[in-house]
Amino acid sequence: MAEKSSLHPAQLDYERQKRKDEMKQQVVTFALMIIFTIISFSMVIAEIDKLFVIPVIIVLAAVQVGFQLYYFMHMSHKGHELPAFMFYGGVFAAFLTILALIALVWW
Amino acid sequence: MSTMVATNKRSFGSVLWDYLTTVDHKKIAILYLVAGGFFFIVGGLEAMAIRWQLVTPMNDFVSAGLYNELITMHGTKMIFLAAMPLIFAFMNAVVPLQIGARDVAFPFLNSLGFWLFLFGGIMLNVGWITGGAADAGWTAYAPLSTTSPGEGVDYYVLGLQISGAGTLIGGINFLVTIVNMRAPGMTYMRMPLFTWTAFVASALILFAFPALTVGLFLMMFDRLFGSGFFDPNMGGNSVIWQHLFWIFGHPEVYILALPAFGIFSEIIATFSRKRLFGYSAMVFATVLIGFLGFMVWAHHMFTVGMGPAANSIFAVATMAIAIPTGIKIFNWLFTLWGGNIQINTAMLWSLGFIPTFTLGGMTGVMVAAASADYQFHDSYFVVAHFHYVIVGGVVFALFAATHYWWPKMFGKILNETLGKITFWFFFIGFHMTFFIQHFLGLMGMPRRYWVYKEGQGLDLGNAISTAGAFLMAIGTIVLLYNVIITSVKGEKVGGDPWGARTLEWAIPSPPPFYNFKQLPLVRGLDPLWIEKTEGRDGMTPAEPIGDIHMPNNSFLPFIMSLGFFIAGFGFIYQKYDLAWLSLVFIGMGIALGSMLMRSVKDDLGYHIHKEDLVKEAKE
């Protein structure tokens, strides 16, 4: 971080603004994640029909994983293309495995 | 710290200690080569015993039980303990040099990966001396494996678990190395094809090995702790093992075959004096094979009863792999076309590979046709098919790589005459052994049977097959003699004995322990060739001479692996007497203790000083 101090003032302002925006996004997503969790719990407590609750919880969970990866683990930033590619590769392999085991073994 | 090691003779003890503690990728490569070569010889001896048992009808050279152990250990050993480590040997020796790096990203982990593999490999073979090795086939299908008496299959499970952890560590290491440690200018699309294939193979290791790990854990609990994952009587399902095994097992074929393709791409381009034809198509085909490799595992299970829909899907996906593989075959042929071809031993293996592997691929499409597979399944046709792929693809590549990179690893060229003798014996012997097995299979000879009856038309074919195995053995013995005679009498060569194209040939043979004094500036594909065509002697440096940061040697990887090895015995023998659990505690204590030590103790390495590097250059 030492070389950052030698940046041009305009560049510095830009960096500062970017950090501020990022911070805002993180707070918003953090709040959303808490809301999602509350929704999930309250649906279960309210004893709504299972057929509705389970898919909704799974969707909310998937969205949360996305938030986690993109806003907190910075997967959207430059230089993360390869980790993202490997990540989706792994998801692809795991998805095929689970799909086949469900379809071929338990179905 | 003094870094310029004196060249005087060192005692045997100090050399041994150096290898036990080394974190240098070049020395770890030699360790992999020696260990993998040793298991290759032992696996070959097991194969000779199998062939001698089958030389005449109703032979009684070995008992039925011992025959089961022989086929199981031959298959397991050749895949996990010979082919994998030999591929890793060349990945370690060459990949960091090809991308212009001073070592892999995690030198300590590299050493840990090797020792885990070696101790796992030893564990697999302990069964031979404790009353029976694994005998359920290399695929260890449940319920045969879960009900096999004795400890043979336990050694299989624990041994593969330990060596599998080592392989996973190695794979991750190469991924990080290739992503992060490429020299300035070495973009992805300028990486040599061997590096590309090592990269994709490492990604396959990362995604495929966890399935094996899970399967082995379930098997371990079924056998040692009374669970019933694969036992239908307890609500389990034995087909789950087959799925988990092949979800790992099919990508494993490509983990072996892709680096083999990379080796041939390097050799064919070098000795045709041409740029590799269709480089970007080759990269694309490599990545595509990697992806498709995950969608085809159930073609090993057509006769399990998955139903026609599943069989059709997996049959079509399997045949699709023939397309990228075909792209590669044609690109090698086009690289040869119009080239200034020089035929030496490495090139002979490459030229022998193309038709041999194409035959294996063709029978692959045949067994991929689900309906026809009901006829081929578990017959010698399948045995012939996968030996054409694994020996014709992978083992030929390993022999080729041995001849091609030997001067880079050891500074001497293997004797060419002896090399050609090895090739012709092995090549002819290979086709004699396995070509006839296609027909034995079509005539109905089943796989894994220890005898066959007289008068069924199988006698002559089996006799020819066994004769071929002896020719392969002669070829291998000549290679061993070649290695010894070259080490004793061979003449030292310079850094670039072949007039090659890629970065590893831009530095002396064998390379100094820091590889590159100054990191090279890469200006395109085949960087060394570019500099040569522009009349320069070597690479343009990308940095001034400066201090080089090096990692310290460490004995901890050996101790850690030894700990897991000891714990493995505890896990196995506690099924007879719980007192053996003490070994689990001792072993895990050693392993976890050395992990703790590694975590709390700072090991920052050392620097080679600029002055020493300059002084060395003047000498």
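Mentor: Chain A carries 8 positive and 8 negative side chains, and the centres of the two sets are 6 Å apart. This is a predicted model, in which local features need pLDDT of at least 70, side-chain atom pairs count only at pLDDT 80 or more, and totals for chains, interfaces and linings use all residues. Residues are numbered from 1 along each chain as written, chains are lettered from A and ligands numbered from 1 in written order, and side-chain values use heavy atoms, without hydrogens and water.

Trainee: What makes a side chain positive or negative here?
Mentor: Lys and Arg count as positive, Asp and Glu as negative, while His and the chain ends are not counted. Each charge is placed at NZ of Lys, CZ of Arg, CG of Asp or CD of Glu. By that rule chain B has 33 positive and 34 negative charges, with mean positions 9 Å apart.

Trainee: How many helices and strands does chain A have?
Mentor: Chain A has 3 helices and 0 strands, in the order α-α-α along the sequence. Both kinds of element are DSSP runs numbered from the N terminus: helices are H or I with at least four residues, strands are E with at least two. Chain B has 20 helices and 2 strands.

Trainee: Why is Asn482(B) called buried?
Mentor: Buried means under 20% relative accessible area, exposed over 50%, and partly exposed in between, using a 1.4 Å probe and protein chains only. Asn482(B) has 0%, so it is buried. Asn482(B) sits in helix H16 (residues 459–489) of chain B. Beyond four places in sequence, Asn482(B) touches His403(B), Leu414(B), Asn415(B), Leu418(B) and Gly419(B); a contact means heavy atoms within 4.5 Å.

Trainee: Is Leu54(B) buried or exposed?
Mentor: Leu54(B) also has a relative accessible area of 0%, and therefore counts as buried. Leu54(B) lies in the loop between helix H2 (25–53) and helix H3 (64–98) of chain B. Its contacts beyond four places in sequence include Tyr67(B), Tyr380(B) and Trp450(B).

Trainee: How do you know which residues make up a nonpolar core?
Mentor: Such a core is a set of buried Ala, Val, Leu, Ile, Met, Phe, Trp, Tyr and Cys residues joined through side-chain atoms within 4.5 Å. The largest core has 172 residues, and Trp332(B) and Trp405(B) are among those that touch the most other members. Helix H8 (residues 239–272) of chain B gives the most to this core, with 20 residues. Apart from it lies another core of 13 residues, including Leu54(B) and Tyr380(B).

Trainee: How much of each chain is buried?
Mentor: In chain A 21% of the 107 residues count as buried, and in chain B 57% of the 619 residues do.
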